[in-house]
Amino acid sequence: MAPLCMAAADYKAGIGRIVITPEKPIYMSGYASRNHPSEGVIHDLWAKALVIEDSKGGRVAIVTTDLIGLPRSLTDIVAARVEKQYGIDRAQLVLNSSHTHTGPLIRHNLETMFELGPEDSQVVTDYAAALTEKLVAVVGAALQDLAPANLSFGNGHATFAINRRQKTPRGVIIGEDPEGPTDPDVPVLKVTGTDGKLRAVLFGYACHNTTLTGEFYRISGDYAGFAQIAIEEGNPGATAMFMMLAGADQNPHPRSTLELAQQHGKELATEVNRVLGTKLARVHGPVRGAFQIVELGFAPQSREGFEARLHDKDVHRVRHAKAMLRLYDDGNPIRRYPYPVQAIQFGKDLTLVALGGEVVVDYVLRIKREYGSKGIMVAGYSNDVMSYIPSLRVLKEGGYEPDFSMIYYGLPGPYDEHVEDQIMNTVHQVMKRVGRAAVQ
Ligand SMILES: [Zn+2]
């Protein structure tokens with residue numbers, strides 16, 4: 001090769017990885033039908049960190065996890081410690097969850113889904129404590145690994161996600177809507193060393209990690225776990241990191257067998273490898289982050305409304321009503337929720353938008369309409385997973401995502417009709433702060 005190829009690197013990059021597989025049987029999250037702890041492990045779960053440092057020493061850290069969802073109570077602790085120990089502030093740290101439904105129950109996430117006995121509860125508490133340590137440590141490991149690197153970005157696409165909000169005469173149910181909106185994009189951020197060798201790849205897809213349904217009791221990362229393993233096997237020495245995008249209303253199709261989880265994972269890995277082999281757009285320039293909280297409100301609620309549910313046939317509705325009434329008794333009913341919105345900008349080339357919660361696909365489609373679909377990656381399930389996040393359209397349609405699921409998340413009820421406007425206004429603000437302009 002000509003010596004011209006030895007050009008100086010645009011960035012430094014460091015990668016850390018740490019196994020977060022539960023060490024003993026633990027309640028698994030995601031399906032309310034589960035009634036006992038996990039039974040073995042299909043493959044390890046991972047927390048992986050990518051730290052990028054620009055030529056002026058500015059740093060961002062992106063952490064991906066094979067987990068159902070990291071709650072604010074945990075990410076706040078991790079973020080405070082990452083800032084104190086490593087000097088990376090909240091705006092420069094992204095914590096994403098893959099939303100695997102064959103992973104452990106995470107303390108303070110979907111907690112009203114199960115009522116655990118003291119022993120099972122202790123296992124969940126211990127897991128959360130160990131996880132907190134590991135999420136801090138994995139960022140430290142990535143910082144230790146910092147070495148000259150170049151970044152490039154491109155988009156592939158996959159089609160195994162299907163919109164799952166099926167319209168019926170009795171309302172919207174979880175099923176299949178082949179006509180409903182989806183986001184087929186598979187964004188790929190390639191991290192290479194100065195020798196051109198692949199060091200890491202950050203990729204994403206907007207689709208629930210729910211190929212494996214409630215009857216599966218073995219721990220895994222679902223299709224995203226299989227995809228990461230396949231990419232790493234095909235690229236020895238490189239780390240593959242899966243980011244969950246805005247796939248709250250998207251399910252893999254078809255689903256419900258282990259073979260299908262492997263098949264979807266392989267499809268995604270093949271597409272990521274294909275994109276890695278094409279000429280990607282160079283990403284260079286300073287890194288900058290903005291992080292902002294917006295207080296979301298809820299539809300009207302009342303003590304009487306929850307009291308009326310105490311004799312409901314559904315055990316989850318009763319459990320939820322009791323929890324809400326306890327808050328009324330304490331004089332502290334939930335009126336608002338602090339929702340995190342974040343943007344990370346790489347020069348003029350790439351923006352990562354990271355939204356909290358289970359974000360429906362309407363948000364990514366709207367953000368790409370407003371900001372263009374080039375050099376952008378929009379993730380949900382970031383920094384806090386407190387509930388589903390409906391668009392106004394989905395909120396008005398009703399169903400599981402905007403309404404019934406709030407019970408499992410321990411929130412009082414659906415958001416109010418300002419939800420999309422408030423979140424998008426905050427997206428506009430963080431985009432402005434990092435310097436990403438709208439196209440219209
Ligand atoms: Zn979900």
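Let's start with H208, which is buried because its relative accessible area is 0% (buried means under 20% relative accessible area, exposed over 50%, partly exposed in between, with a 1.4 Å probe and protein chains only). Keep in mind that this is a predicted model, where local features need pLDDT of at least 70, side-chain atom pairs count only at pLDDT 80 or more, and totals for chains, interfaces and linings use all residues. Residues are numbered from 1 along each chain as its sequence is written, and side-chain values use heavy atoms, with hydrogens and water left out.

So what does H208 do here? Together with H99, E358 and Y388, H208 coordinates the zinc ion, using NE2 of both H99 and H208, OE of E358 and OH of Y388, at 2.0 to 2.5 Å. Donors are N, O and S atoms within 2.8 Å of the metal (3.2 Å for Na, K and Ca), and since water is not among the atoms, sites may look incomplete. Along the chain, the donors are spaced as H-x108-H-x149-E-x29-Y. Helices (H or I, at least four residues) and strands (E, at least two) are DSSP runs, numbered from the N terminus. H99 is buried too, at 1% relative accessible area.

Now for another spot: G372, in the loop between α7 (361-371) and β18 (376-379). G372 counts as buried because its relative accessibility is 16%. Leaving out residues up to four places away in sequence, G372 touches I367, R436 and V439 (contact means heavy atoms within 4.5 Å).
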